[in-house]
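Visitor: Before we go through this model together, could you set each value against the rule behind it as we talk?
Guide: Gladly; here is the structure.

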Amino acid sequence: MPLPEGLVDEYRKQFSQIDKDDSGFVTQEELSSLLSQMGHSEADVKEKFRELDQDIDKKISFAEFIDLMEKLSLGRDSSELEEVFKLADEEGMGFIDYDTLKRMLIELIGSSDRVSHGLRALRINEDEHIDCEQFIEIANSI
Ligand SMILES: [Ca+2]
Ligand SMILES: [Ca+2]
């Protein structure tokens with residue numbers, strides 16, 4: 001299935017941010033600094049790198065990178081999102097407000113443009129309160 005064009009541009013932007021020396025390839029060190037920010041351990045990084053480096057040339061090409069991003073977003077499972085929601089819902093009210101929702105989504109997804117577009121597309125109002133179930137649904141559909 002081809003990716004939407006906007007998403008490819010976004011991945012390309014992210015790729016060039018990770019590819020610190022502009023070599024056109026992401027090395028294990030470069031991948032490591034990305035994934036440790038996302039909470040992955042060094043062992044995870046090694047494993048992911050091996051998994052991703054499909055042609056085993058010790059570097060990740062843009063095509064291989066897209067594969068990774070797709071896997072990471074699919075890997076966002078409900079229990080992980082529930083945890084995120086609980087952290088956001090500091091007072092245990094069972095819901096979060098729009099600003100909190102937006103902040104959490106930007107943290108998860110890493111692109112405020114994509115979150116803004118997504119929330120508009122889903123017709124989430126700014127005065128709405130979002131419960132955990134809705135949050136998971138929203139996070140998975142953006
Ligand atoms: Ca590089
Ligand atoms: Ca490779």
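Guide: The domain bounds used here come from an automatic or database domain assignment. In this predicted model, that assignment gives domain 1 (5–74) and domain 2 (78–141), and the centres of the two, taken over C-alpha atoms, are separated by 26 Å.

Visitor: What box do the C-alpha atoms of the protein chain fill, and how many helices and strands are there?
Guide: Taken along the principal axes, the box is roughly 50 × 30 × 25 Å. The chain holds 8 helices and 2 strands, and from the N terminus on these elements run α-α-α-α-α-β-α-α-β-α.

Visitor: What does the UniProt annotation "domain: EF-hand" cover?
Guide: According to the unreviewed UniProt entry, the annotation covers residues 6–41, 42–75 and 76–111. In the model, the span 6–41 is 64% helix and 0% strand, with its end C-alpha atoms 30 Å apart.

Visitor: Why is Lys58 called exposed?
Guide: A residue counts as exposed if 12 or fewer other C-beta atoms lie within 10 Å of its own; Lys58 has 11 such neighbours, and therefore counts as exposed. Lys58 sits in the loop between helix 3 (42–52) and helix 4 (62–74), and has a positive phi of about 65° although it is not a glycine.

Visitor: What makes Arg123 exposed?
Guide: The cut-off of 12 or fewer applies here too, and because Arg123 has 7 C-beta neighbours inside 10 Å, it counts as exposed. Arg123 is placed in the loop between helix 7 (112–121) and strand 2 (129–131), and its phi, about 55°, is positive although the residue is not a glycine.

Visitor: Which residues make up the largest nonpolar core, and why is such a set called a core?
Guide: The name applies because the residues of such a set are nonpolar, buried and joined through C-beta atoms within 7 Å. The largest has 10 residues, namely Phe85, Ile96, Leu101, Met104, Leu105, Val115, Ile130, Phe135, Ile136 and Ala139. Helix 6 (98–109) and helix 8 (132–141) are the elements that give two or more residues to this core. A second, separate core has 7 residues, among them Phe15, Leu31, Phe65 and Leu68.

Visitor: Which residues is Ile130 in contact with, leaving aside its neighbours within four places in sequence?
Guide: With contact meaning C-beta atoms within 7 Å, the partners of Ile130 are Phe95, Ile96, Leu101, Phe135 and Ile138.

Key: Residues numbered from 1 in each chain as written. Chains lettered and ligands numbered in written order. Predicted model: local features only at pLDDT ≥ 70, side-chain atom pairs only at ≥ 80, totals over all residues. Helix = DSSP H or I, 4+ residues; strand = E, 2+ residues; numbered from the N terminus. UniProt positions renumbered as here; feature names shortened; annotations may be inferred. Buried ≥ 20, exposed ≤ 12 C-beta atoms within 10 Å, placed from the backbone. Contact = placed C-beta atoms within 7 Å.
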